[in-house]
Amino acid sequence: MELFHLVVLVAAALCALVAGLLFTFAVVAMPGLANLSDREFIRAFQVMDRVIQDRQPLFVVVWAGSVVALAVALVMGFQQEDGFTLGLLISAAALYLFGVQLPTARVHLPLNNEIQSVEVEGIDEAEQRQARERFEARWNRSNRIRTAIAIVTMTLLLVVLLRLPAI
């Protein structure tokens, strides 16, 4: 297997794992948490998010690795590809960086940090409800969008793989 093929394959696999994680949050985790009381919702999300914020090694490898692998594939693509396949790679990278990674940094991390700072035991039910209301709808809306974009990115990378010459 040519190095470029391998890099695109790794980028596609890592982006697929990220898409799967986001999809799981969109269709299982957050709808499940929605059935909890405000206090239970906040605590459950805090516990799940803490695993990520404590830099769970496999999560870091997949999340950061997806960006690195996609960037390397793009650089290599400029050296090896032209036309439609290069356009697919450029589109995949732009979508992923601006549609998945940027919203994570600009929307999700600040919301996650804000919900992490809520001391549910020290506030009353009205304050718990307000904290949840500031968080949940915006987080879910943005996550659904980045999930769709992550799936499109992965699909574009699979199309790139299909277009590469067989070795």
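Start by selecting Glu136 and Arg132: their side chains meet in a salt bridge, 2.8 Å from N to O. A salt bridge here is a side-chain nitrogen of Lys or Arg within 4 Å of a carboxyl oxygen of Asp or Glu. Before you go on, keep in mind that this is a predicted model, where local features need pLDDT of at least 70 and side-chain atom pairs count only at pLDDT 80 or more, while totals for chains, interfaces and linings use all residues. Residues are numbered from 1 along each chain as its sequence is written, and side-chain values use heavy atoms, leaving out hydrogens and water.

Why are Glu136 and Arg132 about one helical turn apart? Because they sit four residues apart in helix α5. (Helices are DSSP runs of H or I with at least four residues, strands are E runs of at least two, and both are numbered from the N terminus.) Are Glu136 and Arg132 buried or exposed? Both are buried, with Arg132 at 8% relative accessibility. Buried means under 20% relative accessible area, exposed means over 50%, and partly exposed is in between, using a 1.4 Å probe and protein chains only.

Show Asp38, Arg132 and Glu136 together and you have a network of salt bridges.

Next, pick Arg39 and Glu121. Their side chains form a salt bridge too, at 2.4 Å from N to O. Arg39 lies in helix α2 and Glu121 in the loop between α4 (83–116) and α5, so this pair ties together parts 82 residues apart in sequence. Arg39 is partly exposed at 35% relative accessibility, while Glu121 is exposed at 60%. How many salt bridges does the count come to? Five.

Now slide along to Thr147, also found in helix α5 (residues 125–163). Thr147 is buried, at 5% relative accessibility. Which residues does Thr147 touch? Leaving aside residues up to four places away in sequence, Thr147 touches Ala19, Leu22, Phe23 and Ala26. A contact means heavy atoms within 4.5 Å.

Val10 sits in helix α1 (residues 3–33) and is partly exposed, with a relative accessible area of 36%.

Finally, zoom out to the whole chain. You'll see five helices and zero strands, and the C-alpha atoms fill a box of roughly 65 × 25 × 25 Å along the principal axes. Of the 167 residues, 41% count as buried. Among contacts between residues at least 6 apart in sequence, 83% join residues at least 24 apart.
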